[in-house]
Every structure is written in C-alpha cells, then in structure tokens.
Amino acid sequence: MQYYIISLIIIVLSMIPFFLMFERRRPQAREIVLIAVLVGITVLARSVFFMIPFFKPMLALVIISGIGMGYETGVLTGTLSAFMSNFIFGQGPWTPWQMFAMGMVGFLAGIIFSKKYTYEKYKYVVCIFGLIATVVIYGVIMDTASVLMYTGNITVSSFAAAYISGIPVNIIHALSTVLFLALLQKSMIKKLNRIKTKYQI
Amino acid sequence: MENQFERWHPVSQLAYYVFVFGISVFIMHPVITGISFISAIFLGIVIDRKRFLKMFICLYIPAVIAGIIINPLFSHEGVSIIWYFPDGNPLTAESIIYGVMAGIMIGSIFTFLFSFNKVMTSDKVMYLTGCVLPYIALVISMVLRFIPEFKHHLSEVLVARKCIGKGLNEKNLMKKIRNACTVMSIMATWAFESSVDKSDSMRARGYGICRRSSYSIFRYTKKDIVIIAVILAACGYMVYAIMSGAVYVQYYPCFKMEQSKIAAGFAYFLYAAVCILPVFDIWMEERVWKSLQSKI
C-alpha cells in the first residue's frame, strides 16, 4: 500500500503545475467558459452512453479539445471531466488516476497535433493516436492503479494478470474512442476553430 | 435532513477524511484496520441506513471477499505452509492473513467512501478548491451549472430529432451511434455559441477588473476548531507511532506484531476516538433532541 500512496503523491504533484499555470495566467472570461463547456459536454457524453459498459466517448472528446485548443486546455478538460463526471458516477480511489490518465491523453493530443492539424492530412493519424492512447496510456495507467489499489503485492504475475484481464475492456474502450473520433472529429474541430477565429480566444 | 456531521465546516470534514483514508491505507495493522472498518460501517449506517446496508451487502462484502481470495493465489511467501496448489506453489498462513487484512482494508476504504460521497457534496468541493485554485473553482462551478442545463437542452434536441424520424430508439446499433453523434454535435454548436454569450455577459458585469470575491455559506464554529485540533494532534501522534515502530506489523516471512503495549494502545485509542467522532456527534445531537422533546 505504500506504493499506492507514493504513486498517488507523484501523480497529484504532476498535475499541479498545469493547474497553477492556468491560475497564474489569469485566464479571460471566454477561455474559462469555453473550458467549462468542453468539460460539460464531455461529462454529458459519458452519462448519455453509460448504458453500454466501457463504451465511453470521453477520451475522444478530450483528444478533440486537446487538438482544437492546445495542450493546456486538453489537460484541463481531461482532468476536470474525469473529476466532475465522478460526482455523478461516484468518487473513489480511482478518481486521481482517471484524472491523470485523461489529462495525459489530452496533453499528448495537444502537444502532437494542435499546431499542424488539418482534417484531410491527419484524420487517420488521429484515430490511430486515439487507439494507442486509450490502450497504452489510459488502459495501462488504470490497470496499474487497480493492482496498486486492490492487491498491494507488487509482483510480475499480479501485474500480468491485471493487464491480461484488462485487455477486453481496453479493446472495447479503444474501439469506442476510435469510432467517436471518426464520427466527431471533423465537425467538432471545425466548430472549435470557428469559435477561436470568430471570437479570438 | 442534514445531520450534525454534514454541518461541520468543509475543512474539518476534509481533515477527517484525509486522516482516516491516510491512516487506513498507510497502516495495515489488525487493530487499526479493524477500527477503520467498524467505524466506517457505523458512519455509513448513521448517515443513510437503507442505502448503506444495500450497498454493503451487494458491493462491499464481495470486494472484501475478493481481496481475501486473491492474495493467497498470487503470493506464496511465508514460512507456515498449509497446503500445496496443484501447480506446486504453496498456500501459506501468512498470505492468508495478509489477504484478510488487505480485504478488510479495501472494505473499509469503500465503506468510508460511501459516507464521503454523501457528505462531500460538489458545493463543498468547490468551496475547498476555491481557497487554493480560484479559477479552477470557477470552471467547476460553471460545469456544475452546465450539466443540468445541457441535460435539459439535450432532451429538447432528442424530441426534435425524434419528430423527424432520427431518434435514438433505432434497432441498428451503428445507426443509433451515428444519430447520437449528430446530437452531440448539435449540442456542441449550441453550447459553444451560448458560451460566448455567457462570457460576454461576464465581461459586461466587470469580470477581471478586480479580485473576485466568492460567497460561501460555511462558517467556522468553536466545534470545528476543536475537531481540527484533535485531528492534528492525532495525526502527529500517529506519525510518531509509525516512526517509532509502535504499530509496525510484519507479514512476511512470518507474522509478527510489535510488542510495545502502551504506545500502541494509545495509538489505537486515539485513532478510534477520531474515527468515531462524527458518529458520536450525530448520536449526541439525537440524544439532546430526544431529551429536549421529553421535557416539552
């Protein structure tokens, strides 16, 4: 369990700089409202699709906001929507891990794509990124967290068991992310760009 | 109705939960973990008996049992061997003890989380975040408003879509998902546009001109000061107890508990006292209420 506490402290510390960066910048009203809207839509999307287990559009929307608005917004949308949606679905020891994992995905999406994104050139690349990010980042982080939370003995076999038993869930989740990216990418990023140029955010 | 514990100041509630979560995760000790589990059960019962018992039987007990079963299957350390699995790995008494402790610890965390989710409502979290990260708290408060607003608008959009034969009750799953995505996109357009209106209205009312003040309904009382002082003192003593090894337990290779009786006993007492504090408060309130009632 010491491992759980130590890793928890590390992930919390790694999220703090992004929040402080946002605080220090004294963001404009438009920016604040836009982030709140993105988080609101993401949380809403999770509750719309919650009937289908592990079929979550959240990561796709986080990736889209990272691409459309840059890495900082990507991190904030990821962490805050994980946090806020857990007010509906229940907070637990998994909350910080979800926040961290989704924030990471948003961060990477922003870092990799936000500068040079065009739909024609990158539509498949973004879908592949979504697939890899869901399995490798979100899936692995959450499976690691579940080992640290529920078993407490750090052995190769317990990690292997968690990763193997996580495969079906991760595959469904990754497929849903890719599907939502394919369906929503074009229209959502177009809308974000429109808002950005029209209102100069 | 709000009970006495829910009326504590959010800071003292947060201090309480940080303390109990921290100790029950950090110290896996038969007595300490037992105290956590029992007081978490009391707290759950006091806060919402019906729902708690349902959750307890359906979710928490299975979680405890899963914790108990999983450990001996994966861990084969320990000296007292009871039996050999068919694949040749030993089943040891130590791994069973460790599994039981881990199971109860997970159970106590889940049980505390039940009351945590009930007590730490989103407005309190917003207040606590606002003390440290005001802009993030502003985003959180907006999201809290947007979720019901978006839900309302979503239901309107869904009805309108249904009228033109593009509802969500399609048989074909792919078609259903595509329709849902169109709805998402409609929602996004509307939400982005209205967000600009909202931010313009914020600016028109002078957002960003000077420091933002925020309203809060919470007030420190004398009780809160006492509670925080008690929790801090207990925290200090528990750290001392951990450092000095008074509550040290060794599970592998053989089970061994530290023998310093007085220091450990005082740690148990202090921890139990803090854990049961909210239950005691609620119970005292009930007693006072009843005695006043009988006088009338």
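Modeller: A nonpolar core is a set of buried Ala, Val, Leu, Ile, Met, Phe, Trp, Tyr and Cys residues joined through C-beta atoms within 7 Å, where buried means that 20 or more other C-beta atoms, placed from the backbone, lie within 10 Å of a residue's own. Here the largest such core has 77 residues, and A:Ala36, A:Ile41, A:Ile63, A:Val105, B:Val139 and B:Val143 have the most contacts inside it. Helix H2 (residues 29-48) of chain A supplies its largest share, 13 residues, a helix being a DSSP run of H or I of at least four residues, numbered from the N terminus. This is a predicted model, in which local features need pLDDT of at least 70 and side-chain atom pairs count only at pLDDT 80 or more, while totals for chains, interfaces and linings use all residues. Residues are numbered from 1 along each chain as its sequence is written, with chains lettered from A and ligands numbered from 1 in the order in which they are written.

Colleague: Which residues does A:Ile41 touch?

Modeller: Taking contact as C-beta atoms, placed from the backbone, within 7 Å, and leaving out residues up to four places away in sequence, A:Ile41 touches A:Leu61, B:Phe150, B:Met187, B:Ala188 and B:Ala191.

Colleague: And how do I read a helix crossing?

Modeller: Axes are lines fitted to C-alpha atoms over the stretch in contact, with angles from 0 to 180 degrees between N-to-C directions. In chain B, the axes of H2 (residues 30-47) and H9 (residues 261-275) come within 10 Å and cross at roughly 15 degrees, which means that H2(B) is roughly parallel to H9(B) (angles under 35 degrees). Residues meeting there include B:Ile35 and B:Ser39 in H2(B), and B:Tyr268 and B:Ala272 in H9(B).

Notes:
Buried ≥ 20, exposed ≤ 12 C-beta atoms within 10 Å, placed from the backbone. Helix = DSSP H or I, 4+ residues; strand = E, 2+ residues; numbered from the N terminus. Contact = placed C-beta atoms within 7 Å. Parallel < 35°, antiparallel > 145°, perpendicular 65-115°, else oblique.
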